[in-house]
Amino acid sequence: MSPSVRLQEMIRVIRGARTQGEERGVIQRECAAIRAQFRQADNGTRSHNLAKLLYVHMLGYPAHFGQMECVRLIASPRYNEKRVGYLGAMMLLDEKQDASLLITNSIKNDLSHSSQYVQSLALCTLACMGSAEMCRDLAPEIDRLLRASNSYIKKKAALCAVHMVRKVPELGELFTPAARSLLSEKNHGVLHGAVVLITELCERNPDTLEQFRKAVPELVLMMKGLVMSGYSPEHNVAGISDPFLQVRILRLLRILGRNNDTASDAMNDLLAQVATNTDSSKTAGSAVLYETVLTVMDIKSESGLRVLAVNILGRFLLNNDRNIRYISMTSLQKIVQTDHNAVQRHRGTIVDCLKDQDASVKRRALELSLALVSAVNIRSLMKELLLFLSSCPPELRAHTTSGIFNAAERYAPSQRWHIDTILHVLTTAGGDVRDETVPNLIQLITTATELHCYTVHKLYRALITDISVQSLVQVACWCIGEYGDLLLRGECEETEPVQVTEDDVLDALETVLQSHMSSPATRGFALTATMKLSTRITHNVDRIRSIVSIYGSCIDVELQQRAVEYNALFKKYDHMSQSYMHIVVSEEGPKNGQTPATLVMDCSLCYRTSSGTGAPSLGTRLLNSFYSQAIRLLNT
Amino acid sequence: MMHFLLLFSRQGKLRLQKWFTPVPEREKKKIVRDMTTMVLGRKPRSCNFLHWKDLKIVYKKYASLYFCCGLDAEENELLALEVLHRYVELLDKYFGNVCELDIIFNFEKAYFILDEFLLGGEVQETSKQVLSRSIEASDMLQEAEIDNSDYDLELGWP
């Protein structure tokens, strides 16, 4: 058998391996040696063999054969063997393994060991991996230690009790009396453990919570002591005396003051004091202030205190430290509904954070900005949001566009502003908008009757500039098909009119039809629009007929079907009189300016769009009325 | 409470893993993979807080090591940064200008120190002096045992 090497030697050898294969070889050899050693009687090398195994385990190799060795070492009378044994148990065993039951007895014995360091090992392991059964078994032991031991053990016993209560909530009753008396200890470690334990007990049991409300004055005094005390070298962190304990006390006060006026009153002054006196130039102070703010906002505090808390968050927004800006925004997000006006005061700073480098900060700023939109600030805030959209990270674009659309829908000051905003979004980020955007925008444009001329001009200009954004192109095609006559008229009140001929317009539509960038749905829109123009123009109907008939033999089945049907309509159109085309039944009624022919084509389009997305919609219902009528007409 | 604490290098090699809740071995490996990917993928001047499932993740880089912990949603992230910092201070005091190699070759010591500082996912002692004293005392107890034994010192603990 090869002689064992020291732990550090083995680590050196493993790290010296040049390839994964070489490493595996070394480890296999070592593990074989370790296994052999485990099988032997006690030869004084057990603990460092287990340590070697634990190292190997951390590299990701299997180490389950060491579990029983952990059990054996824990039972050893030697401290260094126990130490490694307990470490091994925490790393290799968990409550689901059978071997963990075997250490219950050792733990029980070690909890009463004469050396506090052995007791400490047992407590640590129990708190780390104690199963519900072990907890039930050993709870009385822990209770005993909570009452009668030195502070080194008491603080550990308190946290062990916390673990037990988490595992077996009914044990809370057992620990409540001891927890109460721990509050009068002076040792910070014990106090910290006591506060954590009481927090856990109160969170789980409303009766216990009621009981501990009586301790609020005591906690307030404790906190005051910490805040007002002079420099204490033992507990000082960047000018704050024991920030860990301060934060835990604040959290406990939060739970006790929630929904209770008396308790909240009792802590009001203290919270104001902490909020005003804590130096937040370093993280420790900011952590305490942060917890204070959370507590103020959660209990029944006076309005003055609430305003103070929101102002602290506002100050945090201006902090150089990115972490502090981030948590400030998450906190503001939580209270933006309840304390809307207070948060509005900091809107400027929040909007500035949209320009932050950090993606998490940007995301938070976006959420907050969207929550702050109101009828009063919609114009200025939307400018910022649109600016943000033009440079925002790709993973935020979809969320930003839908947020902008929602805000615009709720607070648009005018229809023209609304249309302009949506068009701006489509131009900037049309690829990241939801599917409903296109029909929604069409609906909006239709209802804005005075703006048809303006809208078709804007969309025409957008179309001839760029046909890559499908959503924009689809709306533009629809608009041209619907209001092309307004375009050709060459006059417009709201904007600079274009001077185009019918050929120019048809050119634009044909470009869309032929472009490889256009999706099949977009081509459908373009074809329908071309068709609809046949009723609005006078000179180029033949050109339209020829375009449509070309697509009668298009490879795309959708397009082909549509083209064939339109062709059929063309043939019959000349013979149809207005009376035959008079279609009345409709859920919405024929829209302004629509001829019966174009209405039928629109329904056809609606039907195809809705069936494509699989959602039964208005289109289907309209179709049931109109398509059958159209078929009837074609057959006359 | 803290659910786990991980230390890993810039190359994603795990140097320490402490789990405060029972997690199956496979799940542990997955979490470690997720954490290293997420944290190592962060840009240099990002904030130190992340969200992962229902946990808050707080991480900080010290020299060549990333300290990464997973916390309950109601925990104070800024305080967690202080907790990580305190642990680094303890390691630094113990090893004297600690570096990654110290933690690699003396990993069990790093665990012992951690077990004096955190218990069941919570801070157990807030005074640096008290902590250093108890760590020293435990070490001395160990040394005393070894001195009194018949062990061949070459095979015993350093």
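The model is predicted.

**Interface**

Chain A and chain B bury about 6,400 Å² between them. Carbon and sulfur atoms account for 56% of that area. Chain A brings 72 residues to the contact, and chain B brings 66 residues. Three residues stand out on the chain A side: A:Met58, A:Arg83 and A:Phe244. Together they supply 12% of the area that chain A buries against chain B, more than any other three residues.

The rule finds six salt bridges across the interface of chain A and chain B. One of them pairs A:Lys156 with B:Glu116. Their closest N and O atoms are 3.3 Å apart. On the side of chain A that touches chain B, helix H5 (residues 79-92) gives the most, with eight residues.

**Nonpolar cores**

The largest nonpolar core holds 255 residues. Within this core, A:Ile142 and B:Tyr87 touch the most other members. Domain 1 (1-92) and domain 2 (454-636) of chain A both give residues to this core, so the core lies between them.

What does B:Tyr87 touch, not counting residues up to four places away in sequence? Its contacts are B:Leu5, B:Leu7, B:Leu16, B:Phe67, B:Ala110, B:Ile113, B:Leu114 and B:Phe117. A second, separate core has 17 residues, including B:Phe8, B:Trp19, B:Leu55 and B:Ile57.

B:Val32 sits in helix H1 (residues 25-40) of chain B. A:Thr401 sits in helix H24 (residues 394-411) of chain A. Their accessibility values are tabulated here.

| Residue | Relative accessible area |
|---|---|
| B:Val32 | 12% |
| A:Thr401 | 1% |

Because buried means under 20% relative accessible area, B:Val32 counts as buried at 12%. A:Thr401, at 1%, is buried as well.

Leaving aside neighbours within four places in sequence, B:Val32 is in contact with B:Leu6, B:Leu14, B:Gln17 and B:Trp19. B:Trp19 is also a member of the 17-residue core.

Conventions. Residues are numbered from 1 along each chain as its sequence is written. Chains are lettered from A and ligands numbered from 1 in the order in which they are written. This is a predicted model: local features need pLDDT of at least 70, side-chain atom pairs count only at pLDDT 80 or more; totals for chains, interfaces and linings use all residues. Side-chain values use heavy atoms; hydrogens and water are left out. A nonpolar core is a set of buried Ala, Val, Leu, Ile, Met, Phe, Trp, Tyr and Cys residues joined through side-chain atoms within 4.5 Å. Buried means under 20% relative accessible area, exposed over 50%, partly exposed in between (1.4 Å probe, protein chains only). Domain bounds come from an automatic or database domain assignment. Contact means heavy atoms within 4.5 Å. Buried area is the accessible area (1.4 Å probe) that two parts lose on being put together, summed over both. A salt bridge is a side-chain nitrogen of Lys or Arg within 4 Å of a carboxyl oxygen of Asp or Glu. Helices (H or I, at least four residues) and strands (E, at least two) are DSSP runs, numbered from the N terminus.
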